[in-house]
Amino acid sequence: MIREKNLMLLHYITGVLILVAGGVHLSTVFLLSPYEESMKFDSSPFAVMSVYRNVLLAGSLEALLLLVAFHGFNGLRVILQELYQGKTYKKAVSLAVTIVALALVVYGTRTILIAHQLASP
Amino acid sequence: MSEVEFKVFRYDPARNGGKHYQTYKVPVRKGMTVLQGLLYIKERLDPTLAIRFSCRMATCGSCGMMVNGLPRLACYTLIEELKTRRVVVEPLRNYPVIRDLVADFSEFFEKHRWVKPYLIRIDTYTQEKSNTSYLQSDEELERYVQFAYCIKCGLCYAACPVVASDKEFLGPQALAQLYRYLADSRDEGAGERLASVADGHKLLRCHFAASCSKVCPKGVDPALAIQLLRREVLLRA
């Protein structure tokens with residue numbers, strides 16, 4: 001079991017990193033490419049699929065997925081465990097959010113991998 | 001002399017009475033406090049009213065209650081500062097009610113005891129011998145003295161939104177006192193203290209609403225103590 005204080009430290013760190021990674025993501029879309037081009041699917045060098053073509057950019061999306069999944073679901077765990085305190089309930093909440101978070105990370109990673117393969121020439 | 005209406009929460013489980021409010025008309029003069037108004041009611045209008053009070057000068061912390069929706073010391077709250085002709089008085093929130101305006105502080109004191117509110121020394125022989133002094137500089141005193149002003153009135157506990165929902169959370173008063181002893185240079189129990197709150201809901205469920213500091217009548221600033229304690233736990237525990 002991870003100690004609560006370590007979970008909170010990770011929560012703060014992921015919060016800051018989300019700001020950084022999210023900022024990078026928005027910057028690449030809005031500042032480095034023409035806005036109309038970036039909204040197209042695949043008919044432009046700056047289109048949506050071009051993000052998945054580039055390994056670094058796809059990797060940053062994966063990082064954002066992991067950060068948001070941890071931060072969001074840990075936050076949900078904290079909220080749910082504050083509302084009611086019982087040993088079984090706490091374990092059930094921890095297990096449930098972990099399973100859902102892992103499922104979403106697996107599905108999101110699969111999506112990124114498939115998109116990367118589709119986007120690659 | 002003008003008059004103010006006191007709407008007072010009444011509850012007597014011994015008489016199977018339900019929770020209800022009773023209204024009293026109280027003549028007020030300049031400088032009159034809420035406590036004086038309640039004592040007027042008790043002495044002249046309704047002697048069955050149960051209230052807790054003692055020093056009448058914001059030192060003992062006994063007369064904490066909800067006054068117009070905020071936790072305050074009744075002896076320290078002037079009726080004229082409320083700027084209303086209607087004063088609603090209720091027992092402190094987040095505490096079980098014994099009767100009328102008297103709240104049960106058992107859980108509050110239990111949490112305070114849990115944080116070991118005394119100096120922990122390795123050299124217990126010297127401590128018990130009591131013919132020596134532990135020297136402390138002004139700077140060392142400044143690090144914790146603000147948090148030592150706590151009078152255990154419980155207003156911070158009543159104001160805290162996390163205490164309202166999370167039974168495992170220690171509460172602002174206990175956590176402020178834990179930091180008070182942690183920051184005291186005479187204390188040698190830092191490892192033990194930090195380890196005790198590094199896990200679970202005891203410390204880390206604080207969301208920094210800071211209502212505890214807002215209502216504290218002695219300027220203790222428990223929210224500051226909790227954030228300083230949180231930093232110590234995250235970095236050192």
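Chain A and chain B bury about 1400 Å² between them, with 48% of that on carbon and sulfur atoms. Buried area here is the accessible area (1.4 Å probe) that two parts lose on being put together, summed over both. Three residues stand out: A:Lys5, A:Glu82 and A:Gln85 supply 43% of the area that chain A buries against chain B, more than any other three residues.

This is a predicted model, in which local features need pLDDT of at least 70 and side-chain atom pairs count only at pLDDT 80 or more, while totals for chains, interfaces and linings use all residues. Residues are numbered from 1 along each chain as its sequence is written, chains are lettered from A and ligands numbered from 1 in the order in which they are written, and side-chain values use heavy atoms, leaving out hydrogens and water.

Now count the contacts, meaning heavy atoms within 4.5 Å. On the chain A side 12 residues take part, and they touch 17 residues of chain B. Between the chains there are 3 salt bridges, each a side-chain nitrogen of Lys or Arg within 4 Å of a carboxyl oxygen of Asp or Glu. Take A:Glu4 and B:Arg205: their side chains meet in a salt bridge at 2.8 Å, N to O.

Which elements of chain A give two or more residues to the side that touches chain B? They are α1 (4-30) and α4 (55-83). The largest share, 5 residues, comes from α1(A). Helices (H or I, at least four residues) and strands (E, at least two) are DSSP runs, numbered from the N terminus.

Turn to chain B. Its secondary structure comes to 10 helices and 7 strands. The C-alpha trace spans about 60 × 35 × 30 Å along its principal axes. Of its 237 residues, 48% count as buried, where buried means under 20% relative accessible area, exposed over 50%, and partly exposed in between (1.4 Å probe, protein chains only).

Helix α2 of chain B (residues 106-114) has B:Phe108, B:Lys111 and B:His112 buried. They cover an arc of only 100° around the axis, so they sit on the same side of α2(B). That arc is taken from the directions from the helix axis to the C-beta atoms. The cover over these buried residues includes α5 (155-159) and α7 of chain B. After α2(B) comes B:Lys116, with a positive phi near 55°.

B:Asp187 lies in the loop between α7 (172-182) and α8 (190-197) of chain B. Is B:Asp187 buried or exposed? At 10% relative accessibility, B:Asp187 counts as buried. A polar atom of its side chain lies 3.1 Å from the backbone nitrogen of B:Gly189. The side chains of B:Asp187 and B:Arg193 are joined by a polar contact of 2.8 Å. Beyond four places in sequence, the residues in contact with B:Asp187 include B:Tyr118, B:Leu119 and B:Tyr181.

Finish at B:Phe53, in the loop between α1 (34-45) and β3 (64-67) of chain B. B:Phe53 is partly exposed, with a relative accessible area of 34%. Not counting residues up to four places away in sequence, B:Phe53 touches B:Leu35, B:Leu39, B:Ser62 and B:Cys63.

Methods. Polar contact = N/O pair within 3.5 Å; in protein donor to acceptor, adjacent residues only side chain to side chain.
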